[in-house]
Amino acid sequence: MVGVVLVAGSAVGLWRRRTDGRLRVAQSTVPPGVTAEQTDGVSEPAEIDKLDPALLERLGVEPGRVTLLQFSTAFCAPCRAVRRVSGEVAALLPEIRHVEVDAESHLDEVRALDIWRTPTLLILDADGRVTRRATGVPTKPHLIAALAALLPA
Amino acid sequence: MELDPRGQRFAATITSVVIALVLITGSGWLALAQAVVFAITAYRPKWGPYALVYRGLFTPSGEREPAAPVRFAQLVGFVFLSTSAGGYLTGAETLGLGAAAFGLLAAFLNAAFGLCLGCEAYLGIRRLTGRNAESVRSV
């Protein structure tokens, strides 16, 4: 029994070590290059789902800005590390805004965005689309690389 | 309140060994003893028996992490190990074994990988059971 639990635990731990902090490309997202610059507005690519502006407003996300949207809870030790990394990136790239949300006081939005664990970090483009999603702590270079694609050159 | 993360890892290691012994020996009393340790540590992390051992053996690392996640995890551990103790002591061996196995999984992940299973389950549980805290307050 002890052996079974330890083997299962090691498998879970190693899997989490590999996947944690990875900035996954969100499912229905814009092909790179056709993002924020299309301010003329007429031709919105149909496959992208923008988030409901009312939902974003409830989470404190400013429209029109690339945002690092972080979900945290009080019982979450790695949330602190995500706050630090995101804060540093936001300080480095002034166009970026970092917003940290207490997941517990926004359960409806948490359900709508399909968030199950903290910390979860979403990268929103200026039009309010989720382009990337990470659970766990992403590294600073990965975060900057993911954001660079969204910022005007 | 803030705690030394290395002390937490140390405590999780001892906890893993103790729960492994519970599984090997099937001792309900040992499970109960570990449940008491969890309860004390959840109430006052600095009074936690394993934290006292850590401070007796090592110089604290100087790093600090918030106490709330640790205390919550200890509470989850308490639930599992008191269930296990209850199972073993009333003859419900399977319950005792199952609850202790979950306790060992959580303690081992914490000791070996620094993962806190209880903390991660927290949002999931709140999602399933809770309403928006804001809307609860405004009622």
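The axes are lines fitted to C-alpha atoms, for helices over the stretch in contact, and the angles run from 0 to 180 degrees between N-to-C directions. Helices (H or I, at least four residues) and strands (E, at least two) are DSSP runs, numbered from the N terminus.

Colleagues, a word on the source. This is a predicted model, in which local features need pLDDT of at least 70 and side-chain atom pairs count only at pLDDT 80 or more, while totals for chains, interfaces and linings use all residues. Residues are numbered from 1 along each chain as its sequence is written, and chains are lettered from A and ligands numbered from 1 in the order in which they are written.

I begin with the helices of chain B. Two packed helices are described by the angle between their axes and the distance between the axes. Helix H2 (residues 28-43) and helix H4 (residues 67-89) of chain B pack at about 160°, and their axes are 8 Å apart. H2(B) and H4(B) are therefore roughly antiparallel. Their crossing is left-handed; the term applies if the near helix is turned anticlockwise from the far one by less than a right angle, and right-handed applies if clockwise. Among the residues of H2(B) that meet H4(B) are B:Ala31, B:Ala35 and B:Phe38, and the H4(B) side includes B:Leu75, B:Phe78 and B:Leu81. Residues are in contact here if their C-beta atoms, placed from the backbone, lie within 7 Å. By class, this contact of H2(B) with H4(B) has 12 nonpolar, seven polar and one charged residues. Ala, Val, Leu, Ile, Met, Phe, Trp, Tyr, Cys and Pro count as nonpolar, Asp, Glu, Lys and Arg as charged, and the others, Gly among them, as polar.

H4(B) also packs on H5(B), at an angle of about 155° and with the axes 7 Å apart. That angle makes H4(B) roughly antiparallel to H5(B), and this crossing, too, is left-handed. From H4(B) the contact includes B:Phe80, B:Leu81 and B:Tyr88, and from H5(B) it includes B:Leu95, B:Ala100 and B:Phe102. Its residues divide into 10 nonpolar, six polar and one charged.

How are H1(B) and H3(B) set to each other? Helix H1 (residues 5-25) and helix H3 (residues 49-57) of chain B pack at an angle of about 120°, with axes 9 Å apart. They are therefore oblique to each other, and H1(B) passes H3(B) in a right-handed crossing. B:Gly7, B:Phe10, B:Ala11, B:Ile14 and B:Thr15 in H1(B) meet B:Tyr50, B:Ala51 and B:Tyr54 in H3(B). The class count is six nonpolar, two polar and no charged residues.

I turn to the core. A nonpolar core is a set of buried Ala, Val, Leu, Ile, Met, Phe, Trp, Tyr and Cys residues joined through C-beta atoms within 7 Å. A residue is buried if 20 or more other C-beta atoms lie within 10 Å of its own, exposed if 12 or fewer, and partly exposed in between. The largest such core has 67 residues, and B:Ala31, B:Leu81, B:Ala100, B:Leu104 and B:Cys119 have the most contacts inside it. Helix H5 (residues 93-113) of chain B provides the largest share, 10 residues. Leaving aside neighbours within four places in sequence, B:Leu104 is in contact with A:Val5, B:Ser16, B:Ile19, B:Ala20 and B:Leu23.

Next, the contact between the chains. It takes 26 residues from chain A and 30 residues from chain B. On the side of chain A that touches chain B, helix H1 (2-19) and helix H4 (107-112) of chain A each supply at least two residues. H1(A) gives the most, with nine residues. That side of chain A divides into 14 nonpolar, six polar and six charged residues.

Finally, chain A itself. Chain A has five helices and five strands, in the order α-β-α-β-α-β-α-β-β-α from the N terminus. Of its 153 residues, 34% are buried.

Which residue has a positive phi although it is not a glycine? It is A:Asp114, with a phi of about 60°, in the loop between H4 and E4 of chain A. A:Asp114 is exposed, with 10 other C-beta atoms within 10 Å. The loop between H4 and strand E4 (120-124) of chain A also holds A:Pro119, and the peptide bond from A:Thr118 to A:Pro119 is cis, with omega near -5°.

Key. Contact = placed C-beta atoms within 7 Å. Parallel < 35°, antiparallel > 145°, perpendicular 65-115°, else oblique.
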